[in-house]
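Dear colleague,

I am passing a structure on to you with this message. Please look through it first; my notes on what was found follow below.

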Amino acid sequence: MELGIFETQLFIDLIGATVNNNNNSNNNNHSLRCQPTSSIGLANYNINLDCSDHHFDHNVNDIILGFRRNPDVVLRMEMERSMSLLQIMVNEGLVPCGEEEMKRRNAIDKLKKIVVEWVKTVTYQRGLPKKYHKFASGTILTYGSYGLGVYNSESDIDALCVGPYFATIAEDFFIVLHNMLASRTEVSEIHCVKDARVPLMRFKFDGISIDLPYARLKVISIPENVDVFNPFFLKNIDDTSWKSLSGVRANRSILQLVPNIEVFQAVLRCIKLWAKRRGVYTNLLGFFGGIHLAVLSAFICQRHPSASLSALILLFFKIFALWPWPTPVILQDQIARPLIPTDKVSWMPIQLPCSPYEFCHSNITRSTFYKIRTELLRGHMLTKDMLSPDFDWNILFEPFPYARRYGLFVKIFLSASDKDELGDWVGWVKSRFRCLLVKLEELLGFCDPNPTEYVDTDASEPNVTFYWGLPTGRADLIKADLVEEYFLKSVDNGLNHNSTTGTMKLSIVKEYQLPKKAQSVCERKHTKPSWRVVDGNRKKTPSQSKYKPHCANDYLPTSQNPKYPTAGG
């Protein structure tokens, strides 16, 4: 495909690749469409790109290899690439075993029984007629990674509690049900998150972490597998219940729209692993959340129903690296493109598949859009050579090496008196992280928030520490104490003063103070990164993590103000 001057320079500067500059096409109103095809994979795969006044129709073999190759040879190589990718997912523990599935299913079944018992209890406490005691009921609906079937042994469960109209969230859910759960031997570390966009309870059930929001329907009896698309059940529900139901509705819509659920699950596992390793996964920090990646993966699967796994991964990076943001990604073609209000324009709008007028909640900022776009371009440059003899999937999944990319870091130290209070405190502060990120962008032009949570083992109290990458040589433009004062005001705003709070300290540290091995964006299996401060003027050394990944060449500029291009120009 012909690339404009900027696209070419971006590839050269950021990825170190050599791309020929054939045409200068800086039209920001490009549209990109992928036509469904019945081909098996790369051997006979066609991509239709409609870019402004130009029309390109390339065979993927030509794009990848630069010349045509025997389709049988390509098909065999493609199958090998798909099998090796599946093996990586197995090796990473991303494919659940039967034992894990049974453990989670049992937990959900027990939780359903508790919810039914809870509804009966509320019915009695409310003094409702006896006939209510017989028919009143509630249920549990799962969504998120578990609902989509892409969980692993370390994943939590997103479970929605659905109750009848007379069971309130303030009294019956957060008090009565909370007390019932807290009294169970299977339940531990339970606490309420009432101030979140979607209020919920968070706890462990038989050792499995569970997030439990609540939705109240205007009925007495809730069927066990209630139809969340039936207008009868959705009539006149409150805003909080609607938001809580959106996750379940989106999950079920996606599973109904993809042509092959198992292929979709394989694609989503791969993309989530890539996003976590490259530091572009965590909605609260301005990156992708699970629902964003699920819709994007389903978009590719839906439009290429017969493609192999390796072909779908290639297409994912090619299509979204060159996507004309902020053109919204719409999973259902039959729905007309919605008009996005000016005050709600997002950098990367992704429509919720369950509603033509709703979009996935996003915290993406200028900096995180740039990081996401750069990683998509990197993925495209790596996977376009998928059929070359020396291609290696592991390069795609290499952890992002923060300590090699940046000369400065803002250190965010959060602590509390005990572990439970720390969890509440960290959760609240993270919900306000976007405010801090935007402020740092105003001061420095760019900030890369590393989602990894570290522990300073020299501190006596329980703590969590974040290190966000900043441009090199710009320490004189930021005063940590003033930024801390500004951010604390945001943290205090809306905080329930009856809630227990912890402490927060912001400081600026330089690259040489960071341990060289702390380059992974996510925790390695059975490894918790932990930093021990030996001396304030000396390098820090990791006390546990021994993982040292192979890292690609630098590609993210840190010494100048970065530009924030759209993918269309």
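In which sense do β5 and strand β6 pair, and over how many bridges? The two strands pair in the antiparallel sense, and five bridges link β5 to β6 (residues 200-205). Please bear in mind throughout that this is a predicted model.

The open sheet

A hairpin of six residues leads from β5 to β6. Within this pairing, Cys-192 has Met-201 of β6 as its bridge partner. Both strands belong to an open sheet of five strands with mixed pairing, in the order β3-β4-β7-β6-β5. β3 (139-143) and β5 (187-193) each have a single partner strand and stand at the edges, so one side of each is left without a neighbour in the sheet. On average, neighbouring strands of this sheet are turned by 25° against each other, direction ignored.

Elsewhere in the sheet, strand β4 (residues 157-163) and strand β7 (residues 208-216) run parallel and are joined by five bridges. Asp-158 has Asp-211 in β7 as its bridge partner. Helix α9 (residues 239-257) lies across β3, β4 and β7, and its direction is at about 115° to β7.

Most residues other than glycine have a negative phi, and most peptide bonds are trans. Glu-189 counts as partly exposed, because its relative accessibility is 36%.

Strand β8 (residues 408-415) is mostly covered, with eight of its eight residues buried. In a regular strand the side chains alternate between the two faces of the sheet. In β8, Leu-408, Val-410, Ile-412 and Leu-414 point one way, while Phe-409, Lys-411, Phe-413 and Ser-415 point the other way, and all are buried.

β8 pairs with strand β11 (residues 463-470) in the antiparallel sense over eight bridges. In that pairing, Phe-466 of β11 is the bridge partner of Ile-412. Strand β12 (residues 503-510) also runs antiparallel to β8 and is joined to it by eight bridges. Here Ser-415 has Thr-503 in β12 as its bridge partner.

The nonpolar cores

Which residues touch the most other members of the largest nonpolar core? They are Trp-274, Phe-320, Ile-412 and Trp-468, in a core of 89 residues. Helix α12 (residues 309-321) gives the most to this core, namely 11 residues. A second, separate core has 32 residues, including Ile-114, Phe-166, Val-176 and Val-187. In soluble globular proteins, nonpolar side chains tend to be buried together.

Leaving aside residues up to four places away in sequence, Ile-412 touches Phe-433, Leu-436, Val-464, Thr-465, Phe-466, Trp-468, Met-504, Lys-505 and Leu-506.

Aromatic residues

The structure holds 27 aromatic pairs. One of them is formed by Trp-323 and Trp-325, and this pair is tilted, with 5.9 Å centre to centre and 50° between the planes. Are these two residues buried or exposed? Trp-323 counts as buried because its relative accessibility is 4%, and Trp-325 is buried as well, with a relative accessible area of 2%. Both are part of one aromatic cluster, together with Trp-274, Phe-299, Phe-316, Phe-317 and Phe-320.

Two charged residues lie over the face of Phe-400: Lys-371 at 4.0 Å from the ring centre, and Arg-405 at 5.3 Å from the ring centre.

Backbone details in the loops

Trp-325 is also joined to Pro-326 by a cis peptide bond, with omega about 10°. Pro-326 is found in the loop between α12 and α13 (366-383).

Thr-282 lies in another loop, between α10 (261-277) and α11 (290-303). Its phi is near 150°, a positive value in a residue other than glycine. With a relative accessible area of 21%, Thr-282 is partly exposed, since buried means under 20%.

Yours sincerely

Note on methods:
Residues numbered from 1 in each chain as written. Predicted model: local features only at pLDDT ≥ 70, side-chain atom pairs only at ≥ 80, totals over all residues. Heavy atoms only, no water. Core = buried A, V, L, I, M, F, W, Y, C linked by side-chain atoms within 4.5 Å. Buried < 20%, exposed > 50% of the residue type's maximum accessible area, 1.4 Å probe, protein only. Helix = DSSP H or I, 4+ residues; strand = E, 2+ residues; numbered from the N terminus. Contact = heavy atoms within 4.5 Å. Pairing = 2+ DSSP bridges. Axes fitted to C-alpha atoms, helices over the stretch in contact; angles between N-to-C directions. Phe/Tyr/Trp six-rings, centres within 6.5 Å; stacked < 30°, edge-to-face > 60°. Lys NZ or Arg CZ within 6 Å of the ring centre and 35° of its normal.
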